[in-house]
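User: I want to learn how to read a helix crossing and a domain contact. Where do I begin?

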Amino acid sequence: MSGTIPSMEGSHVALKDNTVIIVLGASGDLAQKKTFPALFTLFRQGYLPKGVHIVGYARTKMDLPEFHRRQTVYIKNKDDPEIKKKLDEFSALSTYVAGAYDQDAAFQQLTKHLEEIEGTYGAAEANRVFYMALPPSVFTTVAQHLRSNCYSTKGHNRIIIEKPFGKDLDSCREMMSALKAVWTEDETYRIDHYLGKEMVKNLLVLRFGNTALTPSWDKNSIANVQITFKEPFGTEGRGGYFDEFGIIRDILQNHLLQVLSILTMERPVSFSAEDIRDEKVKVLRAIPPVAREDTLLGQYVGANGKPGYLEDDTVPKGSTCPTFAATTLWIHNPRWEGVPFILRAGKAVNEAKVEIRIQYKEVTQGIFKDISRNELVIRIQPNEAVYIKLNLKTPGMATRAMPTEMDLTYKRRFTDAVIPEAYEALILDAIHGDHSNFVRDDELDVAWKIWTPLLHWIDGREGSPPKPEPYPYGSRGPKQLDAYIAKYGYKRTDRTYSWPVTNVSSL
Ligand SMILES: NC(=O)C1=CN([C@@H]2O[C@H](COP(=O)(O)OP(=O)(O)OC[C@H]3O[C@@H](n4cnc5c(N)ncnc54)[C@H](OP(=O)(O)O)[C@@H]3O)[C@@H](O)[C@H]2O)C=CC1
Ligand SMILES: O=C1O[C@H](COP(=O)(O)O)[C@@H](O)[C@H](O)[C@H]1O
């Protein structure tokens, strides 16, 4: 069929029935905010295996009505009769077991409960999908206890785990080898939820399905690339967790680096998970560790009635943890040599935005003066869009050029499209047995190699840690930001550019 992407046709072992999804850490924030709402949407849309059961497991003791209440706290439009009916059905197939994370007996109780459910299948096969919505401190022990006590001998077993995968190269390797000792790579699904976002998944098609873009996708045409993450709120109450990690481990080392690898990898032989991940690893291996000189760190301070990072009671006094970072990465291969890739992320900045901005080189001088550079912008969120900033002749009698855009805003173009949440797409991929949008262990290894020296410097392992530049809550970041970006050759579009309409008479 024309336009079909083979790996998306489902050539993997898909779990079609006789499946229990076990959510470990079921009383926690991630489970309530992301996992259960995603499972509910998949259930409601008919994507979960036939006769699926969901079992929550956590230390908190609670009865079934309380579990069902917590399971549905973040589900929207609960008063809508159709949703209410589906929610009742969802609750009817969801049960809860309380137990410790480090005791065989507790996991054996869980198995007993699973076997009771599976006893109703009346079929030989019993598949189990374990979703670890847990803090990293218990990942390894839970994975080990699951393997020794709860592993189905009558079907497929899958384990889904969430970042953080360690804090540096050594701790990641330690964690990975402990997990690999008990779960095979094929059974393991490491989530980086950015890989489930629609516009990140779209990169493969945009890049490799458009001959028009192919010749310009390299150092000959591209001057610089920015991959930007902006969040308009601070750590508010989550500072204790955040301070241990910082913005680089939270966003750049994983989410933005994943986007970078798909954006820059060579064409894979096929869209199979291993072919894609082979290419991602290859390009990541061509990136040397990020240099201190290529880094700008920031920390937000109170402004406009909003508290600064250090005013959060959960943050250690005098912390130098960066809440903003701009870093520039270089890829030493024939396609990208010399092109700066600026990865930047900030908490408590002026807007919510995640985008890729590819800025093309200057047109040959001579016939034009001060003409804007072309830019291809892929907006990941909010309001998904792809637009290319082009120069056109100003309409009318004038012959001068002006910057404008070709705009593909999803909401306007695909009026009835339902864009899935990242977690919905990824849980479904795991059920279908498709690893393409999950992180392979060697990807993690090479990713940590890029960041570890810089992180050790920031952690103060090599003397006093660098002091981040202050920036006011709600600003664009530290005042040095524009000079930093300009240093790598980024030039802002001609200020006469206006969007969404341009009144030619005012030019
Ligand atoms: N489909 C759509 O929805 C489209 C929307 N637009 C809109 O048009 C507007 C302009 O588009 P575009 O040029 O792409 O994006 P922007 O002008 O928002 O940003 C372009 C670049 O300039 C930087 N920048 C923004 N403000 C300043 C500032 N005050 N001083 C210095 N640098 C700054 C940005 O960094 P930083 O992010 O840090 O601010 C970014 O790197 C935007 O609001 C955009 O959303 C345009 C085309 C299509
Ligand atoms: O992994 C994380 O991502 C979120 C941002 O996710 P998004 O899907 O809303 O873009 C971020 O807030 C959080 O700090 C980080 O741990």
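Analyst: Begin with the axes. Each is a line fitted to C-alpha atoms, for helices over the stretch in contact, and the angle runs from 0 to 180 degrees between N-to-C directions. This is a predicted model. Here, helix 1 (residues 29–44) and helix 11 (residues 422–432) have axes that come within 9 Å and cross at roughly 70°.

User: What do I call the angle between helix 1 and helix 11?

Analyst: Angles of 65 to 115 degrees count as roughly perpendicular. Helix 1 is therefore roughly perpendicular to helix 11. The crossing of these two helices is right-handed.

User: Which residues make the contact of helix 1 with helix 11?

Analyst: Helix 1 brings K34, T35, A38, L39, T41 and L42. Helix 11 brings Y423, E424, I427 and L428. By class, the contact has six nonpolar, two polar and two charged residues.

User: Now the domains. What are their bounds?

Analyst: Bounds come from an automatic or database domain assignment. For this protein, that assignment gives domain 1 as 19–162 and domain 2 as 195–506. Their C-alpha centres lie 34 Å apart. Domain 1 puts 11 residues into the contact, and domain 2 puts in seven.

User: Which element gives the most to the side of domain 1 that touches domain 2?

Analyst: Helix 1 does, with six residues. Strand 5 (157–162) also supplies at least two residues of that side. Sorted by class, this side of domain 1 has seven nonpolar, two polar and two charged residues.

Note on methods: Residues numbered from 1 in each chain as written. Chains lettered and ligands numbered in written order. Predicted model: local features only at pLDDT ≥ 70, side-chain atom pairs only at ≥ 80, totals over all residues. Helix = DSSP H or I, 4+ residues; strand = E, 2+ residues; numbered from the N terminus. Parallel < 35°, antiparallel > 145°, perpendicular 65-115°, else oblique. Left-handed = near helix turned anticlockwise from the far one by under 90°. Contact = placed C-beta atoms within 7 Å. Nonpolar A, V, L, I, M, F, W, Y, C, P; charged D, E, K, R; others polar.
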